[in-house]
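Please read the structure below with the following walk-through, which goes from sheets to helices to charged pairs.

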Amino acid sequence: MTDSNLGSHRAPIPHPEGWARQDTALKGSAVPGPGFSLGFPHDPDFPQLAVATDPARMLEVFRTHLVPAPGRQAEIEACIPFRFRCRQSTSRCVLQYTLRLRERSGSDERRWEQSVTGVVYARQGEAEQQWRESREGDPRREIPPQWLAFEPVGFIPELAMLVEVFPYDRKLRHLRLVMGGDGLEQAVEPRLLDGWEAERRVLEPLRYRTELGAALRYTVEARHRATGRRATRRCYLKVYRDDRGAATWELLQRLSRPDPARPYEVIAPIAYIGALRTLAIEQAPGTPLLQLLLEGNDRAIRPVARAVAAFNQDDRGIVTRAHTKADQLGDVRRAAALVAWACPEAQADVAAVTAAVESGLPDVPAAPIHRDLKADHVFLDGDRVMFIDLDSAALGDPVRDPAHLWAYLTGGVGLDGVPAARIRAAAGAFVQEYFARVPAAWRARFALHCAGALIEVASGIFRRQEPAWRDKVITAVELARRALV
């Protein structure tokens, strides 16, 4: 069992015990045209990005400006860009980093990774104002001691940058309470344990997106009350900024009910804690498709195709939220704008692909779609296929799902080291099996959906700041252009 049921292509955020960061990539060899820099895009509204996106320079900046919490002496050994949200708003950029830390206490030494966020604003003085307001609210309050290596909020004058240290988050204030275990015993453990008695609890963050949400692993070492036998019980927590978790809770309650007639299952929910906007879900059985493909088990792709086809044709009316063609085109346009800004040399191809998708996609009857279908959001346990991460599930064009998975497979996301020919064969087998089980008319829209999905893949590569991101973005755009042919 891996932690992929929370999205392994997204690098996990650090926690005090530490774990290896997983970087994923598309392989590309594109060379920028004359006049283009290989560095981060210059933006006159945010001139500090030249420094803020340079890991070596930011390492020294953080060493200088992060203030240790009382009694702590953590050393910053490395700074790794994790996820950047640039040009998604004209008013600010949000930049997440992973810091590798070391702390000595007597003869003991501890190493871990720490998520830190920098926010820069277009309006002069905004970052300092936000910093002063945050300090007035006692930012250390409710933060678990083990996560308080540095002062939770800071200001870097030369970059006009507001700094937030996980788990402090101005727009996810309840995250601090969840990290402290607030309310989890009463809401989660009755169903998680059921006859067992908790002896030790461990809460570990797996994924964090500043201001948007977090995913945590909750592990309980327990003893059976009747027999004294000991075992480990585990579930996962998703912390939301808003009330989306409540909607997902209701959807999963309906979708996860057993149905032997269908070839797929959906991860079951455990509880929803409204006060903390936190959803607890079971641990998915089996192995994620991504891991199976990495291990060479390409035969798993056909059962997945059958399951996706069945989900897209499920007519029980359980999924009710709509995601229209206009919504989808909005997603593609936003991704295209970011890619064109990040890689000006790809602007013409991005514009051509986007125009083709906009003009070519027809209006079709809506059907259930996962909307975030990736190889780490599908688990296999023998013949069982299970979908996870259904926060985005909606009614839309069903062909979007197979195109989304195909784009991630063909783009090689999370599949470093796997021969490209093998991945193409697996992706081809998925397409063949899927379209053998859905209406024939669906196939005509597939190429357009694939092209749009690859633009979104390219956008994600840039946001995650993968190594050699520029080459990989350009390669993904080229794949999108070829998909139309």
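Predicted model: local features only at pLDDT ≥ 70, side-chain atom pairs only at ≥ 80, totals over all residues.

Residues are numbered from 1 along each chain as its sequence is written, and side-chain values use heavy atoms, with hydrogens and water left out.

Helices and strands here are DSSP runs numbered from the N terminus (helices: H or I, at least four residues; strands: E, at least two). Val 94 has Val 119 of strand 3 as its bridge partner.

Strand 8 and strand 11 run antiparallel and are joined by five bridges; Cys 235 stands opposite Glu 282 in strand 11.

Helix 7 has 12 residues (244-255), and at 1.5 Å a residue it should span 16 Å, which agrees with the 16 Å between its end C-alpha atoms. The expected span is 1.5 Å times one less than the number of residues. Which residues of helix 7 are buried? They are Gly 245, Thr 248, Trp 249, Leu 251, Leu 252 and Leu 255, where buried means under 20% relative accessible area, exposed over 50%, and partly exposed in between (1.4 Å probe, protein chains only). An α-helix has 3.6 residues a turn, so residues three or four places apart point the same way. The cover over these buried residues includes strand 8 (230-240), strand 9 (265-266), strand 10 (269-273), strand 11 (278-282) and helix 9 (301-312); contact means heavy atoms within 4.5 Å.

Helix 12 is mostly covered, with 10 of its 11 residues buried. The buried residues pack against helix 8 (289-294), helix 9, helix 10 (325-342), strand 13 (367-369), helix 13 (420-435) and helix 14 (446-463). Arg 400 lies in this helix (residues 400-410) and counts as buried at 7% relative accessibility. Leaving aside residues up to four places away in sequence, Arg 400 touches His 323, Gln 328, Asp 331, Arg 371, His 449 and Glu 456. Its side chain makes a polar contact of 3.5 Å with the side chain of Glu 456. A polar contact is a pair of N or O atoms within 3.5 Å; within protein, one must be able to donate a hydrogen and the other to accept it, and residues adjacent in sequence count only if both atoms are side-chain atoms. After helix 12 comes Gly 412, with a positive phi near 75°.

A search of the whole structure finds 48 salt bridges, each being a side-chain nitrogen of Lys or Arg within 4 Å of a carboxyl oxygen of Asp or Glu. Glu 109 forms one with Arg 102, the closest N and O atoms being 4.0 Å apart. Glu 109 is partly exposed at 41%, whereas Arg 102 is buried at 15%. Both belong to a network of salt bridges that links Glu 75, Glu 77, Arg 102, Arg 104, Glu 109 and Arg 111.

Arg 230 and Glu 199 meet in a salt bridge at 3.0 Å, N to O. This pair links distant parts of the chain, Arg 230 in strand 8 and Glu 199 in strand 6, 31 residues apart. Asp 389 forms a salt bridge with Lys 238, with the closest N and O atoms 3.0 Å apart. Because Asp 389 lies in the loop between strand 15 (384-387) and strand 16 (394-396) and Lys 238 in strand 8, the pair ties together parts that are 151 residues apart in sequence. Asp 389 is buried at 7% relative accessible area, and Lys 238 is buried at 6%.

Technical notes:
Pairing = 2+ DSSP bridges.
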